[in-house]
Amino acid sequence: MLRFLDEHRDRLRGQALEVGDDTFLRNHRDGGISDVDIVDIDEGNPRATIIGDLSMPGLLPADRYDVVLIAQTLQYVADVHVALESCWSSLRPGGRCS
Ligand SMILES: C[S@@+](CC[C@H](N)C(=O)[O-])C[C@H]1O[C@@H](n2cnc3c(N)ncnc32)[C@H](O)[C@@H]1O
């Protein structure tokens, strides 16, 4: 994943969303990423800015992110289709989901 992100670093721009923490995007904060929201189902995660289940429709704000990274999470999500729809809907025009 780190290699993938390095190879696509020119696409890592603007407001971003990662799950659980910013493990993968933190290295790009000095580059194009301006801010990272953290979503997590775990209410005890102090870093989370959005608490909830990605399987819940409407969890993510619409039209907010330039980058959504869900690298190692879909295997834990009960409804992958809802989660992906939510991620797509949260993208701004030209945004990317990986
Ligand atoms: C492996 S970590 C993510 C690490 C890395 N930041 C990433 O994006 O791949 C998985 C995270 O997903 C969270 N998680 C698991 N199921 C979830 C769900 N249904 N909705 C939201 N977050 C979930 C876990 O609590 C955990 O913080």
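The model is predicted, so local features need pLDDT of at least 70 and side-chain atom pairs count only at pLDDT 80 or more, whereas totals for chains, interfaces and linings use all residues. Residues are numbered from 1 along each chain as its sequence is written.

**Val-68**
- Val-68 belongs to strand β4, residues 65–69 (strands are DSSP runs of E with at least two residues, numbered from the N terminus).
- Leaving aside residues up to four places away in sequence, Val-68 touches Leu-17, Cys-87, Ser-90, Leu-91 and Cys-97, contact being defined as C-beta atoms, placed from the backbone, within 7 Å.
- Val-68 and Leu-12 are 56 residues apart in sequence, and their C-alpha atoms are 9.6 Å apart in space.

**Strand pairing**
- β1 and β2 pair in the parallel sense over six bridges (pairing requires at least two DSSP bridges between two strands), and Glu-18 stands opposite Ile-38 in β2.
- β2 also runs parallel to β3 (residues 50–51), to which two bridges join it, and Val-39 stands opposite Ile-50 in β3.

**Ligand shell**
- The ligand is surrounded by 20 residues, of which the closest are Gly-20, Leu-54, Ala-71, Gln-72 and Tyr-76; a residue is near a molecule if its C-beta atom, placed from the backbone, lies within 6 Å of it.
- Two or more residues of this shell come from each of β1 (14–19) and β2 (33–40).

Methods
Helix = DSSP H or I, 4+ residues; strand = E, 2+ residues; numbered from the N terminus. Contact = placed C-beta atoms within 7 Å.
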